[in-house]
Amino acid sequence: MNVETIIATLEQQAEVYERLLALAKEKTPYLVGNKVELINATIQKERRLLKAAEELEAQRMRLSGQYFTSVGMLRYKGGKISEMIKTVTSPHEKSRLIELHGRLTGLLDELKHATRLNQQLIEQSLKFIDYTIDLLSDDPNSQYTYQHPRHAPYGKPSYARYDQRR
């Protein structure tokens with residue numbers, strides 16, 4: 001099994017992750033500015049890149065499994081890059097794998113961070129929308145104006161904490 005094929009796949013994965021990271025960073029100001037059409041366009045691009053990332057990961061897993069089988073390590077089928085680094089004998093291939101491993105790890109960490117930030121922005125936006133809906137749908141006379149406790153309207157609960165009649 002040729003390690004160069006795996007290295008080429010890892011380089012393609014890194015490129016896809018870089019583009020996903022760029023889109024995640026591009027989406028943040030759209031979320032803040034509530035630019036729904038731009039958010040949707042970005043999401044469509046992300047979906048295409050995620051599909052490509054899934055295909056590349058499946059290819060990497062298949063190639064890694066073939067590599068580990070070819071070197072007699074059946075238990076590492078579809079294994080980690082770090083395990084492959086330990087088994088590669090060529091110094092050039094080993095250094096290239098180490099470089100790609102670090103690059104991919106850094107990209108995935110950055111992507112997680114950017115995605116988490118965007119998720120928090122979406123959650124805050126949803127909380128604000130819920131708050132606004134609550135303000136608009138509440139009865140303006142319900143709890144905000146004074147009503148004598150004995151004259152509470154029929155069917156509405158009394159919110160008195162202490163019953164003075166006892």
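This is a predicted model: local features need pLDDT of at least 70, side-chain atom pairs count only at pLDDT 80 or more; totals for chains, interfaces and linings use all residues.
Local features were taken where pLDDT is at least 70 and side-chain atom pairs where it is 80 or more, whereas totals for chains, interfaces and linings use all residues. Residues are numbered from 1 along each chain as its sequence is written, and side-chain values use heavy atoms, with hydrogens and water left out.

Contacts (heavy atoms within 4.5 Å) of Leu-97, leaving aside residues up to four places away in sequence, are made with Val-3, Ile-7, Leu-10, Ile-81, Met-84, Ile-85 and Val-88.

Helix 1 (residues 3–32) also holds Thr-9. Thr-9 has a relative accessible area of 2% and is therefore buried (buried means under 20%, exposed over 50% and partly exposed in between, with a 1.4 Å probe and protein chains only). Beyond residues up to four places away in sequence, Thr-9 touches Leu-56, Gln-59, Arg-60 and Leu-63.

Turning to charged pairs, side chains of opposite charge can pair when their charged atoms come close. The search of the whole structure finds seven salt bridges, each defined as a side-chain nitrogen of Lys or Arg within 4 Å of a carboxyl oxygen of Asp or Glu. One of them joins Glu-18 to Arg-103, with the closest N and O atoms 3.0 Å apart. This pair links distant parts of the chain, as Glu-18 lies in helix 1 and Arg-103 in helix 4, 85 residues apart. Glu-18 is partly exposed at 35% relative accessible area, and Arg-103 is partly exposed at 29%.

Other bridges lie within a helix. In helix 3, Glu-83 and Lys-86 sit three residues apart, about one turn of the helix, and their side chains meet in a salt bridge at 3.6 Å, N to O. Glu-83 is buried, with a relative accessible area of 18%, whereas Lys-86 is exposed at 61%. In helix 4, Arg-96 and Glu-99 are likewise three residues apart, about one turn of the helix, and form a salt bridge with the closest N and O atoms 2.8 Å apart. Arg-96 counts as buried at 19% relative accessibility, while Glu-99 is partly exposed at 45%. Shared partners join Glu-11, Arg-96 and Glu-99 into one salt-bridge network.

Finally, the surface deserves a look. Ile-122, Leu-126, Phe-128, Ile-129, Tyr-131, Ile-133 and Leu-135 make a nonpolar surface patch of about 720 Å². Such patches are made of residues with over 30% relative accessible area and no salt bridge, with nonpolar side chains (Val, Leu, Ile, Met, Phe, Trp, Tyr) joined within 5 Å and like charges within 9 Å; accessible areas come from the Shrake-Rupley method with a 1.4 Å probe, and for residues only the protein chains shown count as cover. Ile-129, found in helix 4 (residues 91–137), is partly exposed at 41% relative accessibility.

Terms used: Helices (H or I, at least four residues) and strands (E, at least two) are DSSP runs, numbered from the N terminus.
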